[in-house]
Amino acid sequence: MKAIVYEKYGSTDELKLKEIQKPTPKDDEVLIKVHAVSPNASDVEFVKGDPLYTRMWGLTKPKNKILGSDIAGTIETIGSKVVRFQVGEAVFGDILGTWGGFAEYVCAPENALTLKPESLTFELASTLPQPAVVALQGIQNFGQVQAGQKVLINGAGGGSGTFAVQIAKLLGAEVTGVDSTKKLTMMESLGADHVIDYMLEDVTKNGEQYDLILDLVAAHSVFDYKRILSPKGKYYLVGGSVSYILKTMIFGAFISLNSKRKMQIIGIKPNQGLEDIIELIDSGKIKSVIDKRYSLSEVPEAMQYLSEGLAIGKVVIAV
């Protein structure tokens, strides 16, 4: 089978199209014929081996040589202990931790997958697992957003950000989205009440106060965000460099202990809430924004586009 493989950390130039052996599923896995895979910022991080925590899966070189975690495809073979799925069924999910989606076939744990409804194309399904779940858990589960609250989403024009804007609006929030110039019109089209071009304005100095800040970019310190957080507001960080995460953990905990504000990193539970996402998509209440489509051989170009922060919403690899 064909797959995009990388042997060492570095730039997207390390990603090479190769012919390799088709994998064999373990007892609790299924073998999937991949129809679509959608890369995330986490894939870019693992190519670079930066932030440092990405090297938990290989200190000096990658242990998992094929990336791609948000997949959609058809089951070709099932392991002996698989009970939830049958051969021929269409599935999708986030297989972060095992990866392998940048290939014609991938083995995935049964518990990481959800049946794909006929209403979703494979391409659309592949854009949902990680970004939509991050948005749902960040805005609804952790944020517990209520109607009338003011929500700030930093990185609102990216994969998770586009879903976060829509979910916050569904819950009745007044939404401010921050991103680059080229993404502002799209953010407004999704319902953002206010949009800020981070290249022209520092949101932490605009004098506003927000009840929830969902930070998908990690571009300001917790002290900067504290300045624009309401007295009982919540600041949640998803991702970032090791130093940024440590600072947020230490100083965020200090601020949280000494005030009614809550400032912390949140850990997203993979695939939890996908059924809710499907319902929201099917009902037309939210949508996936797909910027560009690529072929498997064009994964390096897609990853470079994503790494430069150019993607408006999601990019998709058709396999």
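This note goes through the fold, the aromatic pairs, the charged contacts and one surface patch of a predicted model.

1. **Ground rules.** Local features need pLDDT of at least 70, side-chain atom pairs count only at pLDDT 80 or more, and totals for chains, interfaces and linings use all residues. Residues are numbered from 1 along each chain as its sequence is written, and side-chain values use heavy atoms, with hydrogens and water left out.

2. **Overall fold.** The protein chain has 9 helices and 15 strands. These are DSSP runs numbered from the N terminus (helices: H or I, at least four residues; strands: E, at least two). The C-alpha atoms fill a box of roughly 55 × 45 × 35 Å along the principal axes.

3. **Burial.** Of the 319 residues, 52% count as buried. Buried means under 20% relative accessible area, exposed over 50%, and partly exposed in between (1.4 Å probe, protein chains only).

4. **Aromatic pairs.** The count comes to 7. Rings of Phe, Tyr and Trp (its six-membered ring) pair if their centres lie within 6.5 Å; planes under 30 degrees apart are stacked, over 60 edge-to-face, the rest tilted. Phe46 and Trp57 are edge-to-face because their planes stand at 70°, with ring centres 5.4 Å apart. Phe46 sits in helix α1 (residues 41-48), and Trp57 in the loop between α1 and β4 (70-78), 11 residues apart. Phe46 is buried at 8% relative accessibility. Trp57 is partly exposed at 33%.

5. **Lys150.** This residue lies in strand β8 (residues 150-154) and is partly exposed at 22% relative accessibility. Its charged end sits over the ring of Tyr210, 5.7 Å from the centre. The rule: NZ of Lys or CZ of Arg within 6 Å of the ring centre and within 35 degrees of the ring normal. Lys150 also meets Glu208 in a salt bridge (2.7 Å, N to O). That pair links distant parts of the chain, with Glu208 in the loop between β10 (194-197) and β11 (210-215), 58 residues from Lys150. Glu208 is partly exposed at 36%.

6. Lys33 lies over the face of Tyr105, at 5.7 Å from the ring centre.

7. **Other salt bridges.** The count is 9 (a side-chain nitrogen of Lys or Arg within 4 Å of a carboxyl oxygen of Asp or Glu). Lys22 and Glu76 meet at 3.1 Å, N to O. Lys22 is in the loop between β2 (16-19) and β3 (29-37), and Glu76 is in strand β4, 54 residues apart. Asp193 pairs with Lys169, the closest N and O atoms being 2.9 Å apart. Asp193 is in the loop between α5 (184-189) and β10, while Lys169 is in helix α4 (residues 159-170). Lys169 is partly exposed at 28%. Shared partners join Glu7, Lys18 and Lys65 into one network.

8. **Nonpolar patch.** Phe223, Leu246, Met249, Ile250 and Phe251 form a surface patch with about 490 Å² of accessible area together. Patch residues have over 30% relative accessible area and no salt bridge; like charges are joined within 9 Å, nonpolar side chains (Val, Leu, Ile, Met, Phe, Trp, Tyr) within 5 Å. Areas come from the Shrake-Rupley method with a 1.4 Å probe; for residues, only the protein chains shown count as cover. Helix α7 (residues 242-257) gives the most, with 4 residues. Phe251 is in helix α7 and is partly exposed at 35%.
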